[in-house]
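Welcome! Please take a moment to look over the sequence and the structure below before reading on.

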Amino acid sequence: MTLDAAEPLAIDPLLDDPGTRIIVCCGSGGVGKTTTAAALGVRAAERGRKVVVLTIDPARRLAQSMGIDSLDNTPRRVKEVRGDGELHAMMLDMKRTFDEIVEAHADPDRAKAILTNPFYQSLSAGFAGTQEYMAMEKLGQLRARDEWDLIVVDTPPSRSALDFLDAPKRLGSFLDGKFIKLLMAPAKMGGRAGMKFLNVGMSMMTGTLGKLLGGPFLHDVQTFVAAMDTMFGGFRTRADATYRLLQAPGTAFLVVAAPERDALREAAYFVERLAADDMPLAGLVLNRVHGSAAARLSAERALAAAESLEELPDLPEAPDLPDHAEEDPDHRAENLDDRRIVDQEAGKAGDRGPSDSSPGAGAEPGVGSAESPARSRTADDARGADGGSAQDSQDSVERLTAGLLRLHAERMQVLAREQRTRDRFTALHPEVAVAEVAALPGDVHDLAGLRTIGDRLAAGGAPAGAA
């Protein structure tokens, strides 16, 4: 099954449907998820919806392309959006989001203790999986406010596209782990019994973990767990709620990939994972697909034509010669020398002065005049230069043509490789709708570029044009 046989992905109906409240752009890193999310946001806003785009991309390309100086944890409105809709954009601040959760679900004294705890500061700044979990938290916050018609999420640039879905479960495993439960036990037991447990239990742990982690670090973890005890249940509850939100009919997942083997293999894994978790997949966005306006000229024919041009003999073209001149190069050289001698002798005759009976009488200027030798040489040099320039120009055209043919052959080989890769994916997943986005000659850096991407997305499964 080829891409042409795959069902086209209808982007505009998806964006226009008021029932579509969340679009999640997911996929492996470097395939254009951020650009796709931004282009979808611009197109939806210009079709009349109130949209917020949440990016987790630290490169800040989204802010630059939308004409915003910087993005932070607060949605900022994008200007110069056409139509009646609105577009807002924000970039996840992982630590600030974690701080907001603590401030919202703990009393001021406990919140202060948590926020100043060294272990918490390390956890909120870069603990494995924290970014993905905070992205889920922020999505839940945005949806709960019910302020936007559509939320477009650009998932974190993780090594695996599955990290976004696994984050809530990983956090739950961490919070339910034996280590955390052991640290929470003293606080739960309380009083003298708790202190006794703390002294006995912690002394055993300090003997082993203390050597690896250090006593101060272990103390920070204990303090953090004691302060966070009442919040752990809330983390799990919100994570489960957001997970169910992703499974709801109002959510649509778009898997973004490039027409490359590794990216499409990752996309195939993600499609299978979404199906296993009962999450609604809208389709596949195939980014940066190459095309050619001369696709009928195959790579083999282009290479053969280039080799033929490169094998032509490098013979100079003769200037204007008599009809009887032979094509042999040595003969042509002798003929040219003879012509120069004749011209020089004619010049000498001119130096002796013209006469009515001389061959130069009535001749064109330069033959029987004092200026004859110089003009004769100039004319001859010009004829020779013209001949050389014409030959050089012809050689340049042939070299350029051969080079262009080889470039075309390389492009056609890329097209063939991309087609084979796409065919493997569609053979495995014929049920997945596909939108193909032709590669642009440069990076997208403004709203006009995002509109162009949106137009190409809306073209759905139409073949890519020349790129």
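What follows is a short tour of a few places in this predicted model.

Let us begin with helix α16, which covers residues 447-458.

Which residues of α16 are buried? They are Leu 447, Gly 449, Leu 450, Arg 451, Ile 453, Gly 454 and Leu 457. Among the elements that cover these buried residues are the helices α1 (11-16), α2 (33-46) and α3 (61-65), together with the strands β7 (281-289) and β8 (434-438).

Next comes helix α15, residues 372-428, where you will find Arg 406. In sequence, Arg 406 and Leu 303 are 103 residues apart, yet their C-alpha atoms are 5.8 Å apart in space. Setting aside neighbours within four places in sequence, the contacts of Arg 406 are Leu 303, Ala 306, Glu 307 and Glu 310.

Leu 407 also belongs to helix α15. Its relative accessibility is 52%, so Leu 407 counts as exposed, the limit being over 50%. Together with Leu 400 and Leu 404, Leu 407 makes a nonpolar surface patch of about 310 Å².

## An aromatic pair

How many aromatic pairs does a search of the whole structure find? The search finds 1. This pair is edge-to-face, because the rings of Phe 98 and Tyr 120 have their planes at 75 degrees, over the 60 that this arrangement requires, with their centres 5.1 Å apart.

The pair links distant parts of the chain: Phe 98 sits in helix α4 (residues 94-105) and Tyr 120 in helix α6 (residues 118-126), 22 residues apart. Both Phe 98 and Tyr 120 are buried.

## Two positive phi angles

Finally, a look at the backbone. Most residues other than glycine have a negative phi. Asp 146, however, has a positive phi, near 55 degrees. You can find Asp 146 in the loop between α7 (130-145) and β5 (150-154).

Arg 288 is not a glycine either, and its phi is positive at about 55 degrees. Arg 288 lies in strand β7. Is Arg 288 buried, partly exposed or exposed? At 41% relative accessibility, Arg 288 counts as partly exposed.

Note on methods
Residues are numbered from 1 along each chain as its sequence is written. This is a predicted model: local features need pLDDT of at least 70, side-chain atom pairs count only at pLDDT 80 or more; totals for chains, interfaces and linings use all residues. Side-chain values use heavy atoms; hydrogens and water are left out. Helices (H or I, at least four residues) and strands (E, at least two) are DSSP runs, numbered from the N terminus. The expected span of a helix is 1.5 Å times one less than its number of residues. Buried means under 20% relative accessible area, exposed over 50%, partly exposed in between (1.4 Å probe, protein chains only). Contact means heavy atoms within 4.5 Å. Patches are made of residues with over 30% relative accessible area and no salt bridge: like charges are joined within 9 Å, nonpolar side chains (Val, Leu, Ile, Met, Phe, Trp, Tyr) within 5 Å. Accessible areas come from the Shrake-Rupley method with a 1.4 Å probe; for residues, only the protein chains shown count as cover. A salt bridge is a side-chain nitrogen of Lys or Arg within 4 Å of a carboxyl oxygen of Asp or Glu. Rings of Phe, Tyr and Trp (its six-membered ring) pair if their centres lie within 6.5 Å; planes under 30 degrees apart count as stacked, over 60 as edge-to-face and the rest as tilted.
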